[in-house]
Amino acid sequence: MSQETLSNLLHETRRFAPPPELAASANVTAEAYEEAAADRLGFWAKQADRLTWAKRWDTVLDWTNPPFAKWFVGGELNVAYNCVDRHVEAGRGGKVAFHWEGEPGDSRTITYADLQREVNKASNALLELGVVKGDRVAIYLPMIPEAVVSMLACARIGATHSVVFGGFSSEALKTRIQDADAKLVITSDGGYRRGKPSALKPIVDEAVAETTSVEHVLVVRRTGEEVATTGKDVWWHDIVDRQSDQHEAQPHDSEHPLYILYTSGTTGRPKGILHTTGGYLTQVAYTHHAVFDLKPETDVFWCTADIGWVTGHSYIVYGPLANGATSVLYEGTPDTPDRGRWWDIIQKYKVTIFYTAPTAIRTVMKWGDDIPAGYDLSSLRILGSVGEPINPEAYVWYREHIGGNRCPVVDTWWQTETGAIMISPLPGVTSGKPGAAMRPLPGIAADVIDDQQQPVPNGGGGFLVLNEPWPSMLRTIWGDDKRFLETYWSRFDGLYFAGDGAKKDEDGDLWLLGRVDDVMLISGHNISTTEVESALVSHPKVAEAAVTGATDPITGQAIVAFVIARAAAEGTEGADFVKELRDHVSKVLGPIAKPRQIMIVAELPKTRSGKIMRRLLKDVAENRSIGDVTTLADSTVMDLISAKLPSATD
Ligand code: ATP
Ligand code: MG
């Protein structure tokens, strides 16, 4: 970004007040902001008391050696005990922890008592395999209950897990095994994906063959397909099933490493983010309680993320289980056997809280309103979004077509690095603005600053920073303190810089504007990709848009847009449509933001976690050969888009 701060072009006037009944019985009220502002550390200490500690902490926060934080210093607890055993001990063993739904239609109901037995057996099996406290375990599994059980078993015995998304290649798995020096890999023969078994074991074999640290590979049978075996393999059903279902959990230090998780790789080389025990569990439990207004007795919570991403760690496993919630866990894709699968699952389990990503919302929006309209979604009461900025029109569509205009939408900003939600509306407090993440949660300090490290005034845009340490913050990059300092703490003095741009509106509420690396410099103005994309998506025929800045002889950079039309829309081809869209953007944001060029495409390049990869679109827009596509979910997309190039110029 240049000297100037980020432009604020989009003005959104719609407001959605919390439903009165929800506000009246909300878990968290507006007072929480004041309480936390008056005594931030006292506020977090109170939240830590949601957990059961074997030994109480001496100091809430040790920040004497910034940016290396220690939270709840001297405290000891066991994460698995907090997520499972204490609920059973409190007489809630019969409560459902997970309604698991396999893609082919098989299902399992797992109570807290079942989970306790399974975690204990798996813990005993890990110990038999020689895994001890402090070892690292790589987990490469589909979305099956054993994934949760494996994570909790590691946490229970104090082994640090590193979950690798099941869609990653053997090369990606190999580098993650090597980086963490993993002793054990837990995998399965495969999982179900788009109606077919999809093998995982051969990918693991290839990766493990090139590593030296792995002693055993523990294999869950899921698909029943034939797999080759190596001398390191142990079947889950052979070793776990015969174990005792008793295991006494030992407490671990509050700063004991709970897991390593590599960021999703939108921008470059993945970083092994390290999260620890007490502070992490405190903030995921609190935010799950506050942001989703979770009522553990009555709610059915469903987070559609994969367990391989941080959202799956914090809001499928640790947050919901710490709070004793009932959740849905679904193995497959939203379009198997048909495009109504998600809505069918909501109807079947009477899901009350639904948490997904903008990429999914835009996809179902593209498929058409009539699909969700065919299901009973009346059980829903709160909707959440995470992963990318949500375009206001996608928010309004989500609210209307999924939430029946009755459910608040919480747009939650956070990162792998932050461990838990940081900026979000509170559903019983905040009057939501479509597209805005609104305010830092109670106990969290964030600001938008310019390049001189001065806070921007209301109405201005700039760099999003976090001013104070928070309990679930990353502690370092695994094995690389230097990179930790350089990546997050070197740009601004004493502040965590997240890499994202944001603006403060007239009321001081926060709007995320995408990554600062993607910001376009048009005739001396810094224009965010998010605002132009949102303007395009506000056209009734558009489902999804991605924009990038391409070198331009006149304006420095010019805006090039890639647009996906809605399936039901007509007249979405040719020069007339392109002109209509260009004029529309100019009308919504002003002539400065009018795209030079718009290409109508069928797909956009996305990472495996579903985020748009704008740097590849920039290559297309500048007629360069396309850069590294290894983190792309589908590399053929780029060929399709490149092929479009010559004819699509306006
Ligand atoms: P990498 O760091 O490897 O490039 P990544 O940033 O995509 O990958 P994640 O930690 O999964 O990895 O994603 C966090 C990022 O996602 C945030 O920094 C932000 O850019 C974006 N993001 C997440 N939630 C929101 C949201 N509600 N609004 C806007 N952006 C969001
Ligand atoms: Mg990131």
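User: Helices (H or I, at least four residues) and strands (E, at least two) are DSSP runs, numbered from the N terminus, so which strand does W235 lie in?

Analyst: W235 lies in strand β12, which covers residues 233-235. Before we go on, please keep in mind that this is a predicted model, in which local features need pLDDT of at least 70 and side-chain atom pairs count only at pLDDT 80 or more, while totals for chains, interfaces and linings use all residues. Residues are numbered from 1 along each chain as its sequence is written, chains are lettered from A and ligands numbered from 1 in the order in which they are written, and side-chain values use heavy atoms, with hydrogens and water left out.

User: OK, and what is W235 in contact with, away from its own bit of the chain?

Analyst: If we set aside the neighbours within four places in sequence, W235 is in contact (heavy atoms within 4.5 Å) with L218, V219, V220, R221 and V227.

User: How far is W235 from R614?

Analyst: Along the sequence, W235 and R614 are 379 residues apart, and in space they are 42 Å apart, taken from C-alpha to C-alpha.

User: Switching to sheets now: what order do the strands take in the sheet of four?

Analyst: The order is β21-β22-β24-β25, in an open sheet with antiparallel pairing, where two strands pair if DSSP finds at least two bridges between them. At the edges stand β21 (446-449) and β25, each of which pairs on one side only.

User: How many bridges join β22 to β24 in there?

Analyst: Strand β22 (residues 461-466) and strand β24 (residues 496-504) run antiparallel and are joined by five bridges.

User: Which strands does α17 touch?

Analyst: α17 packs on that sheet, and the strands it touches are β24 and β25.

User: And the sheet of seven strands, what is its order?

Analyst: That one is also an open sheet, with its strands in the order β5-β4-β17-β16-β18-β19-β20 and with mixed pairing. Its edge strands are β5 (107-111) and β20 (409-411), and each of these pairs on one side only.

User: Do β16 and β18 go parallel or antiparallel?

Analyst: They pair in the parallel sense, with three bridges between strand β16 (residues 300-303) and strand β18 (residues 353-356). Within this pair, you can look for F301, which stands opposite I353 in β18.

User: Which helix packs on this sheet, touching β4 and β5?

Analyst: It is helix α5, made of residues 112-128, which packs on the sheet and touches β4 (96-101) as well as β5.

User: New topic: what is the mean pLDDT of the chain?

Analyst: pLDDT is the predictor's confidence in each residue, from 0 to 100; for the protein chain its mean is 95, and 98% of the residues reach 70 or more.

User: Where does pLDDT stay under 50?

Analyst: It stays under 50 over residues 646-650, and for this stretch the model has seven contacts beyond four places in sequence.

Methods: Axes fitted to C-alpha atoms, helices over the stretch in contact; angles between N-to-C directions.
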